[in-house]
Amino acid sequence: MPAVIRRREVGEGSARSLLMTILGEFVLTFGQHVWTATLVRALGVAGIEERSARQALARTGAEGWLSADRVGRRVRWSLTDSGRRLLVEGAHRIYTFGSGEQSWDGRWLVVLVSIPESMRALRHKLRTQLSWAGFGSPTPGVWISPQTAAAAEAKEILDDLELSGKVISFVAEYGVLGSQQEMVAAAWDLAEIERRYEEFVAEFADLDPQSSDDVFAAQVRLVHEWRRFPFLDPQLPRMLLPPRWSGTVATQLFHDKHTSWRDHSRRRWSEFAAKDH
């Protein structure tokens, strides 16, 4: 996934970020051309004022995710090929994230890469991209993942940063010295991830929207907030997680609410679109 979108995934809510959520949740699903007025109306229900909504559309188009087609005085938008690929990948990440417990054979992928302190910008890029890929760093220059198949994504990242020639990697089980749990605690801030899950649960557990606009807004916000977690949570095997991991509750809550609100929110989207035809 392109870095410009990855940065937005983990940033604060914005008009463009909410627009991407609406595009993925509704436009991708219905596969239609969408008038400006429809998207502005939908964003308005989600809490974005018209000026910001129009700016978000223009900037998203300029980034190459949408193409504009003028029909008289009106403009309709459609996903570009790259925009569609982006959203298909994003939808897969969002809706499969946390589903099913993965087995683990106890092996770790270990990547050793040392970058001089003087190359801070490169170090930051490496840290950001490997973190997005689910790697943790228990000590400087060492990156680990319990998913040995993550080697392919790590190689892609390192190739892009022209660091492949400076890397050592291997797959191994944890030894008899030291504590595996302490290594995990040093590599990932699980307390912070759990805090984010608990905030998600607190926000949505008792939310019971009644009006069609409120259901639509709730669904957009639900997906918008959930789409951050695939970039925050490395999805560690259960044996490496704290007891009563709140991510389990949050995952079930997301799927329950999304299913409960899906038909109503899609019906409201269709009503928005019908007004502009």
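At 77% relative accessibility, Arg244 counts as exposed. I looked at Arg244 in a predicted model, and I place this residue in the loop between H10 and H11. I then checked its backbone. Phi of Arg244 is positive, about 55°, although the residue is not a glycine. I noted it because most residues other than glycine have a negative phi.

**Entry: the other positive phi in that loop**

I went to Gln235 next. Gln235 is also found in the loop between H10 and H11. Its phi is near 55°, a positive value in a residue other than glycine. Is Gln235 buried, partly exposed or exposed? I find a relative accessible area of 30%, so Gln235 is partly exposed.

**Entry: the chain overall**

I counted secondary structure for the protein chain: eleven helices and seven strands. The C-alpha trace spans about 70 × 40 × 25 Å along its principal axes. The chain has 277 residues, and buried residues make up 44% of them. I also looked up sequence separation in the contacts. Among contacts between residues at least 6 apart in sequence, 78% join residues at least 24 apart.

**Entry: H10 against H11**

I took up helix H10 (residues 212–226) and helix H11 (residues 246–275). Their axes lie 8 Å apart, and the packing angle is about 135°. That angle makes H10 oblique to H11. I record the crossing of the two as left-handed.

Which residues make the contact? From H10 I list Ser212, Asp213, Val215, Phe216, Ala218, Gln219, Leu222, Val223 and Trp226. From H11 I list Ala250, Thr251, Phe254, Lys257, His258, Trp261, Arg262, His264, Ser265, Arg268, Trp269 and Phe272. By class, the contact of H10 with H11 has eleven nonpolar, six polar and four charged residues.

**Entry: H9 against H10**

I moved to helix H9 (190–204). H9 and H10 pack at about 175°, with their axes 11 Å apart. That makes H9 roughly antiparallel to H10, since angles over 145 degrees count that way. On the H9 side I find Tyr197, Phe200, Glu203 and Phe204. They meet Ala218, Arg221, Leu222, Glu225 and Trp226 in H10. I divided the residues of this H9 and H10 contact into six nonpolar, no polar and three charged.

I also checked the link between the two helices. Ser211 lies in the loop between H9 and H10. Ser211 counts as partly exposed, at 33% relative accessibility. I then compared Ser211 with Ala186. The two are 25 residues apart in sequence and 46 Å apart in space, C-alpha to C-alpha.

**Entry: H9 against H11**

The axes of H9 and H11 come within 9 Å and cross at roughly 35°. I note this crossing as left-handed. H9 brings Glu194, Tyr197, Glu198, Phe200, Val201 and Phe204 to the contact. H11 brings Ser246, Gly247, Val249, Ala250, Leu253, Phe254, Lys257 and Trp261. I sorted the contact of H9 with H11 into nine nonpolar, two polar and three charged residues.

**Entry: Val220**

I returned to helix H10 for Val220. At 1% relative accessibility, Val220 counts as buried. What does Val220 contact, leaving aside its neighbours within four places in sequence? I find Leu18, Thr21, Ile22, Phe26 and Ala46. Thr21 is 199 residues from Val220 along the chain, yet their C-alpha atoms are separated by 6.7 Å.

**Entry: the nonpolar cores**

I looked up the largest nonpolar core, which has 31 residues. Ile22, Leu23, Leu39 and Trp269 have the most contacts inside it. Which elements each supply at least two residues of this core? I list helix H2 (15–30), helix H3 (36–45), helix H4 (50–62), strand S3 (74–79), helix H5 (81–96), H10 and H11. The largest share, nine residues, comes from H2.

Not counting residues up to four places away in sequence, Leu23 touches Leu28, Leu39, Leu66, Leu79 and Leu87. Apart from this core I find another, of 30 residues, and among them are Ile94, Phe204, Trp245 and Phe254. I meet Phe204 and Phe254 again in the contact of H9 with H11.

Terms used
Residues are numbered from 1 along each chain as its sequence is written. This is a predicted model: local features need pLDDT of at least 70, side-chain atom pairs count only at pLDDT 80 or more; totals for chains, interfaces and linings use all residues. Side-chain values use heavy atoms; hydrogens and water are left out. Axes are lines fitted to C-alpha atoms, for helices over the stretch in contact, and angles run from 0 to 180 degrees between N-to-C directions. Helices (H or I, at least four residues) and strands (E, at least two) are DSSP runs, numbered from the N terminus. Angles under 35 degrees count as roughly parallel, over 145 as roughly antiparallel, 65 to 115 as roughly perpendicular and the rest as oblique. A crossing is left-handed if the near helix is turned anticlockwise from the far one by less than a right angle, and right-handed if clockwise. Contact means heavy atoms within 4.5 Å. Ala, Val, Leu, Ile, Met, Phe, Trp, Tyr, Cys and Pro count as nonpolar, Asp, Glu, Lys and Arg as charged, and the others, Gly among them, as polar. A nonpolar core is a set of buried Ala, Val, Leu, Ile, Met, Phe, Trp, Tyr and Cys residues joined through side-chain atoms within 4.5 Å. Buried means under 20% relative accessible area, exposed over 50%, partly exposed in between (1.4 Å probe, protein chains only).
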